[in-house]
Amino acid sequence: MHTAVRMARAKLMRGICGLSGLEPLRRTALAWLSGRRPLVVRCSDCEDVPALGFVPERPSGEMTLCRRLFADPLDRVCAVFFHELIHVCGGGELDSEGLECHCFAEGGATLPGASDYRLFRQLPARNGLYAGAYLLWHPGSGELFVRGPDGEPGEALNVRFLPIRK
Ligand SMILES: [Zn+2]
């Protein structure tokens with residue numbers, strides 16, 4: 001767990017893994033990690049849940065990591081912790097998946113699955129881009145962008161999701 005926290009903090013040192021334009025998210029995440037806000041991490045058997053971790057639908061500083069996650073390599077544990085941290089900060093599935101894949105591209109990330117894409121496609125779309133709380137996804141190219149303050153695309157992430165075939 002200490003490694004996951006240390007790793008997450010390192011990812012948040014220069015922007016979020018080098019991305020600019022996410023300063024409020026970065027500051028919120030660092031506040032949770034610094035103990036200024038009490039982040040509670042529970043461990044559970046998660047018998048009925050297909051996920052490796054989750055946070056309550058209305059984030060309150062709690063996350064649950066499932067015991068089976070800890071059989072995975074350490075970089076996977078760190079990536080899932082980071083994914084759930086973005087949820088704790090109010091991110092939806094697009095935001096958590098996108099930043100997980102951007103920050104843990106060298107190891108630990110897994111691409112979103114079919115159920116994730118279903119969620120992405122329920123997001124509000126504007127100018128052809130699906131909008132999460134912090135990221136935008138272009139369904140034609142699969143590209144991901146930081147969501148600017150005006151809702152316009154900012155910096156591009158270093159990963160792409162699958163494009164939707166027409
Ligand atoms: Zn998630």
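1. Before anything else, one cut-off: a residue is buried here if 20 or more other C-beta atoms lie within 10 Å of its own. By that count α4 is mostly covered, with 11 of its 11 residues buried. The buried residues of α4 include E93, D95, E97 and E100, as well as L94, L99, C101 and C103. Please keep in mind that this is a predicted model.

2. What does α4 lie across? Helix α4, residues 93-103, lies across β5 (129-131), β6, β7 and β8, and runs at about 65° to β8. These strands belong to an open sheet of five strands in the order β4-β5-β6-β7-β8, with antiparallel pairing. At the edges are β4 (125-126) and β8 (153-160), each of which pairs on one side only.

3. Within that sheet, I would look at β6 and β7 together. Strand β6 (residues 135-137) pairs with strand β7 (residues 143-147) in the antiparallel sense, over three bridges. W137 has L144 in β7 as its bridge partner. L135 is worth a look too: leaving out residues up to four places away in sequence, L135 touches L94, D95, G98, L144, F145, V146 and R147.

4. The other sheet is an open one of three strands, ordered β1-β3-β2, with mixed pairing. β1 (40-44) and β2 (53-54) stand at its edges with a single partner strand each, so one side of each is left without a neighbour in the sheet. Five bridges join β1 to β3, and these two run parallel; β2 and strand β3 (residues 62-66) run antiparallel and are joined by two bridges. T64 in β3 makes a handy landmark, as R42 stands opposite T64, and F54 also stands opposite T64.

5. How many of the five residues of β1 are buried? The count is zero, and β1 is hardly covered. For a contrast, recall that α4 is mostly covered.

6. Helix α1 (residues 2-11) packs with α3 at an angle of about 65°, their axes 9 Å apart, and the crossing is right-handed. On the α1 side the contact is made by T3, A4, M7, A8 and K11, which meet L74, V77, C78, F81, F82 and L85 in α3. By class, the contact of α1 with α3 has nine nonpolar residues, one polar and one charged.

7. Which residues have the most contacts inside the largest nonpolar core? They are A8, C78, F81, F82, L85, L135 and W137, in a core of 41 residues. Two or more residues come from each of α1, α2 (23-34), β3, α3, α4, β5, β6 and β7. The element that gives the most is α3, with nine residues.

8. C46, in the loop between β1 and β2, has a phi near 50°, a positive value in a residue other than glycine. C46 has 17 other C-beta atoms within 10 Å, so it is partly exposed. N127, found in the loop between β4 and β5, also has a positive phi, near 50°, and is likewise a residue other than glycine. Is N127 buried or exposed? N127 counts as exposed because it has 10 C-beta neighbours inside 10 Å.

Conventions:
Residues are numbered from 1 along each chain as its sequence is written. This is a predicted model: local features need pLDDT of at least 70, side-chain atom pairs count only at pLDDT 80 or more; totals for chains, interfaces and linings use all residues. Two strands pair if DSSP finds at least two bridges between them. Helices (H or I, at least four residues) and strands (E, at least two) are DSSP runs, numbered from the N terminus. Two residues are in contact if their C-beta atoms, placed from the backbone, lie within 7 Å. Axes are lines fitted to C-alpha atoms, for helices over the stretch in contact, and angles run from 0 to 180 degrees between N-to-C directions. A crossing is left-handed if the near helix is turned anticlockwise from the far one by less than a right angle, and right-handed if clockwise. Ala, Val, Leu, Ile, Met, Phe, Trp, Tyr, Cys and Pro count as nonpolar, Asp, Glu, Lys and Arg as charged, and the others, Gly among them, as polar. A nonpolar core is a set of buried Ala, Val, Leu, Ile, Met, Phe, Trp, Tyr and Cys residues joined through C-beta atoms within 7 Å. A residue is buried if 20 or more other C-beta atoms lie within 10 Å of its own, exposed if 12 or fewer, and partly exposed in between; C-beta atoms are placed from the backbone.
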